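Me: I would like to learn how to read the features of a structure with some care. Could you take me through one, giving the general idea and then the case itself?

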Amino acid sequence: MICTNCGQCIDRCPTGALVEKNYIEEVWTAIFDPTKHVIVPDCSCGKDRHRGGPEHRTGQAVTGKLVSALRKLGFDSVLDTAFSADLTIIEEGNEFLDRLRRKSLFEDPEAVLPMTTSCSPGWIKYLEQTFPEFIPNVSTCKSPQQMFGVLAKDLLCR
Ligand code: SF4
């Protein structure tokens, strides 16, 4: 069976046989560990459009509220993935220009075009499982979340 890890079967399971994996205890343990600096990548996109039913969606920016709530819970830092999203776009642009140059100048067979990309792990998994012949067309850049993780581990651990 092809599964993209979307989680909808857990969300809709009528019998409760499928349940979400829960890491809340591990997070609290990390928050109360004075030797740890616990961060949240703030992937809020600044709007409340993803939260609650349609009657709750106002389109208002809620980034400040989210950051305040997370800080009150005890997280040491709430950082913004907007920077790593920009990095992803820059890296993807560089990769595209590199492929274009290698293709047009040297007829490099490994410089596959067109190049496509997605920050959605589900989209990537679906492509890998359903259309593996198009894997070479996908950018090799990490998603903004993965780039954020690398940067945070590298910069905050110094
Ligand atoms: S694709 Fe989504 S709904 Fe289907 S099995 Fe996978 S997680 Fe469940």
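Me: Which element gives the most to the lining of the largest pocket?

Reply: A pocket is an open set of points on a 1 Å grid where a 1.4 Å probe fits, with protein on both sides within 12 Å along at least five of seven lines, and lining residues have an atom within 4 Å of a point. Here α5 gives the most, with 4 residues, and both α5 (121-130) and α6 (144-156) supply at least two residues of the lining, a helix being a DSSP run (H or I) of at least four residues, numbered from the N terminus. This is a predicted model, in which local features need pLDDT of at least 70, side-chain atom pairs need 80 or more, and totals for linings use all residues. Residues are numbered from 1 along each chain, and side-chain values use heavy atoms, without hydrogens and water.

Me: How many aromatic pairs are there, and which rings form a cluster?

Reply: Rings of Phe, Tyr and Trp (its six-membered ring) pair if their centres lie within 6.5 Å, with planes under 30 degrees apart stacked, over 60 edge-to-face and the rest tilted. The count is 3 pairs; in one of them, Y126 and F131 have ring centres 6.2 Å apart and planes at 70°, so the pair is edge-to-face. F131 also pairs with F134, at 6.3 Å centre to centre and 55° between the planes, which is tilted. Y126, F131 and F134 form one aromatic cluster.

Me: Is Y126 buried or exposed, or in between?

Reply: Buried means under 20% relative accessible area and exposed over 50%, with partly exposed in between (1.4 Å probe, protein chains only). Y126, at 41%, is partly exposed, as are F131 at 34% and F134 at 42%.
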